Amino acid sequence: MSAQIGEILIKENLITPEQLDTALKHQRESGGRLGSILISLGFVDDDDITSILSRKYGVPSINLSFFEIDQSIIKLIPIDVAQKHLVVPLSRVGSTLTVACVDPTNVFAMDDIKFMTGFNVEPVVASEASISEALEKYYGTMHAIELKKVYEQIARPDKDSLELDLDANGEDNDVSVDQLQRSSEEAPIIKLVNLILSDSLKKGASDIHIEPYEKDFRIRFRIDGILYNMMNPPLRLRDAMISRVKIMAKMDISEKRLPQDGRIKIRTTSDGKKKEIDYRVSTLPTLFGEKIVMRILDRDLLPLDMSKLGFEESSLKKVESAILKPYGMVLVTGPTGSGKTSTLYSALNRLNTPETNIMTAEDPVEYNFRGINQIQIREHIGLTFAAALRSFLRQDPNIILVGEIRDFETTEIAIKAALTGHLVLSSVHTNDAPSTISRLLNMGIEPFLVATSVHLICAQRLIRKICQDCKAEVKTPLQALVNAGFSQDEAKSMKTYKGDGCKTCNGSGYKGRIGMYEVMEIGEDIQELILVGASAREIRRKAVEEGMLTLRQSGLTKIKTGATTLDEVLRETVLN
């Protein structure tokens, strides 16, 4: 068909003979379909090829992006067959199955599908690019396809496989460590775990969850803060997979009753550049086996420019002013996964100069930085946050970062350090900036110490950004915008957007995350309120009077600029 399509394109004056010769030479050297090569070289586009094939063979052409295919139809053709012949099933009417294909003359493909499904096959033509997108959309990425093949291969029983049964209490029957070691070192298990790790990087995941249940085994990725189910390997692979991960993380595979922590470091190549990726691994014994969570730490993805985190201009000026002071305390607050570490590391990056001595106490140390002295907290040997802080004060520091303020002792030492000429940065777990004051007072810290030491509190949340590749304007009810906090005039004139879902964002409509920030400066008026024991509500009221943007207002600003959706802001904030 290659020569035929080339001749037709020349007759239609769509390409020149020289361009055809170039494409044929490229095909001989690298292989592939002539149509795809002509498209990749920029000589023709998808529509040219599909319209030519449609006219020549009297077969309709379609644009797959306009179709939504039912999963019951997709299941009629297995992924390996669809991938091999580049076909996607579209619909079934009676005994006729309509399939989209790149080459309608491929009788072997049509016969394969007819034999496999038992239906008569009616082909329609679609471009190779749209077929590939449909394969990813309905069957999963190429990594996921390979993963499925691997664990389907392992799932076939063989006499040497490791069989484990659960007793009534969900406990493992006796299995020797040697058996676990051998099963975890089998080539398919190694390949399966490696593919899960690489697929997590390809999809931009931040965490991998490996979860055993009574009759199910599930692998999920957290992408842009949301967990997605990626696959369900056979339950019989549970122990071998978990043991493999534990071996890679240098954990004790014989200990299944206690939680363990470890790290996996892998070297990978991305865009021609070699880099190291760390996986922070945590195991937790559950009723039906050990659950594993792997946090992916990619230094290249860590945002270290404060201006790109999502701060509003007025809020960013307040934060920069506070961290450039020679002493005092700056607190970042929010729940787990709200981006506190990124904000603190960005602040340290801004302050990291040859003239400063920066010391950090972290649990755990997530990223290593040149020029910063980082301490890993080890409570089991007595190296607590409080102990580390006491030692820091004998090390002539200019700037101290305390990973988290958890107790009275740590807080007291940190505040004393802030009052004696050191800049102290730390994080606290509270819902918003004003309630952080109440939290410090409830820990037992005297009001005058809080009022004089704390210069600024930044509360934050992370929300998903609209995918720029499929961003489209959408009508939002006026009342919904008003209920969210917009004025009537703002709501009437506003344009709102959402993502339609595309290959870039895996069909979610969102790609990447951005922060919402509530930045409260501790000025004289708020200091007075702290000293007289004012409530968090009164402190909030005064801070808003002084120009503080609340988390909700920060989110509304991002809806205005088209960065995110109303649903995302409502999911993470409340109207104060």
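**View 1. Strand 5, a mostly covered strand.** In strand 5 (residues 217-223), five of the seven residues are buried, where buried means under 20% relative accessible area, exposed over 50% and partly exposed in between (1.4 Å probe, protein chains only). Helices (H or I, at least four residues) and strands (E, at least two) are DSSP runs, numbered from the N terminus. This is a predicted model, so to speak: local features need pLDDT of at least 70, side-chain atom pairs count only at pLDDT 80 or more, and totals for chains, interfaces and linings use all residues. Residues are numbered from 1 along each chain as its sequence is written, and side-chain values use heavy atoms, with hydrogens and water left out.

**View 2. Strand 5 and its two antiparallel partners.** Two strands count as paired if DSSP finds at least two bridges between them. Strand 4 (residues 207-212) pairs with strand 5 in the antiparallel sense through six bridges, and the hairpin they form has four residues between the strands. On the other pairing, strand 5 and strand 6 (residues 226-231) run antiparallel with five bridges. Arginine 222 is a handy spot to look at: aspartate 207 stands opposite it, and leucine 227 is its bridge partner in strand 6. The hairpin of strands 5 and 6 has two residues between the strands, and aspartate 224 there takes a positive phi near 50°.

View 3. Most residues other than glycine have a negative phi. Lysine 250 is exposed, at 74% relative accessibility. Aspartate 396 has a positive phi too, near 50°, and sits in the loop between helix 15 (385-392) and strand 13 (399-402). Its relative accessible area is 62%, so aspartate 396 counts as exposed.

View 4. Most peptide bonds are trans. The one joining aspartate 363 and proline 364 is cis, with omega about 0°. Proline 364 lies in the loop between strand 11 (358-362) and strand 12 (372-376).
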